[in-house]
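Here is a protein chain to explore step by step. Keep the view open and find each residue as it comes up.

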Amino acid sequence: MNHWEWSLLEEKEQVDHVMIGGVEVRTGHRVRLNPHEGGDILDLALRGQVATVESIEQDYEGQQHICVVLEDDPGRDLGMMRQPGHRFFFKVTEIEPLPEEEQGQRKTASQARILIAGIGNIFLGDDGFGVEVVRRLAGSTLPEEVRVVDFGIRGLDLVYALQDRYETTILIDAYPHGQPPGTVSVVELDPNEAAEPSGNLLEPHSMHPMNVLRMASATHGPLKRVMLIGCEPATLGGDEGQMGLSQPVEVAVEQAVKTTEALIRKILEGKSV
């Protein structure tokens, strides 16, 4: 047996609850992840994400570890087969309980009318723009009709998400189109045109958004409204790649957050955008 198979047979002492900052945290509670500084790339990607506590375990040294599943992980419902790569363990000091009023506010596809989809590769400089925008949006209070998901470069996951027939899908991504770096643009995409071959839009992705829309349209039928909030990148990392956003794109993140929130309000109020 491999290491994972052995780990399934190990005796783990389950802990009923743990106190974090004076708040009792139990299985099923919603928390925000705050990995310690100096961690690896995965810690950076998970920082600020909202997750659900699956178990609280204590090792043979008496150290407590909190096992969580990310709320918007498409593999969260795979049962035991999702253990590799879909469950994450954190120290108690790396977990922030969400306020009591937010404990029951996980937005499901059946509740949501608007999907906010962050797209991008955090290892390619400004291509991580969409990921950073949705990370900040996920930490804000949005209407129940809105679902925010960091898809990263998981194009197929976005294809599957679009089968839920959202009234409006808002893609947030780097958008190279000849403007000064940091320029934020709002573009309405024609889902019907997406079903036909077209020019290369948003080239940096191996599964770029227009390909995703084509696949979703072919799989699920004509899509409803699709919009793009895009930012002109200054750099896409080059051959060596690059972590972090350039200065003009970093500044543009807050503008994109406000633009997205304003767009959501107009859509829900039935105003033209």
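Glu57 is buried, because its relative accessible area is 8% and the cut-off for buried is under 20%. Bear in mind that this is a predicted model. Glu57 sits in strand β5, which covers residues 50-58. Its side chain makes a polar contact of 3.1 Å with the side chain of Ser55. Now look for Asp16. Asp16 and Glu57 are 41 residues apart along the chain, yet their C-alpha atoms are separated by 8.9 Å.

Next, turn to the largest nonpolar core. It has 23 residues. Ile116, Phe129, Val133, Ile170 and Ile172 have the most contacts inside it. Which elements each supply at least two residues of this core? They are the strands β9 (114-119), β10 (146-152), β11 (168-174) and β13 (225-231), together with the helices α4 (129-138) and α8 (247-268). Helix α8 gives the most, with eight residues.

Now follow helix α4. Is this helix largely enclosed or largely open? It is largely enclosed by the rest of the structure, because seven of its 10 residues are buried. Those residues are Phe129, Gly130, Val131, Glu132, Val133, Val134 and Leu137. Their cover includes β9, β10, β11, β13 and α8.

One of the buried residues of α4 is Glu132. Its relative accessible area is 17%, so Glu132 counts as buried. Its side chain is joined to that of Arg135 by a polar contact of 2.8 Å. An α-helix has 3.6 residues a turn, so residues three or four places apart point the same way. Leaving out residues up to four places away in sequence, Glu132 touches Leu245 and Val253.

Where is Phe123 found? Phe123 lies in the loop between β9 and α4. Phe123 counts as partly exposed, because its relative accessibility is 40%.

Note on methods
Residues numbered from 1 in each chain as written. Predicted model: local features only at pLDDT ≥ 70, side-chain atom pairs only at ≥ 80, totals over all residues. Heavy atoms only, no water. Core = buried A, V, L, I, M, F, W, Y, C linked by side-chain atoms within 4.5 Å. Buried < 20%, exposed > 50% of the residue type's maximum accessible area, 1.4 Å probe, protein only. Helix = DSSP H or I, 4+ residues; strand = E, 2+ residues; numbered from the N terminus. Polar contact = N/O pair within 3.5 Å; in protein donor to acceptor, adjacent residues only side chain to side chain. Contact = heavy atoms within 4.5 Å.
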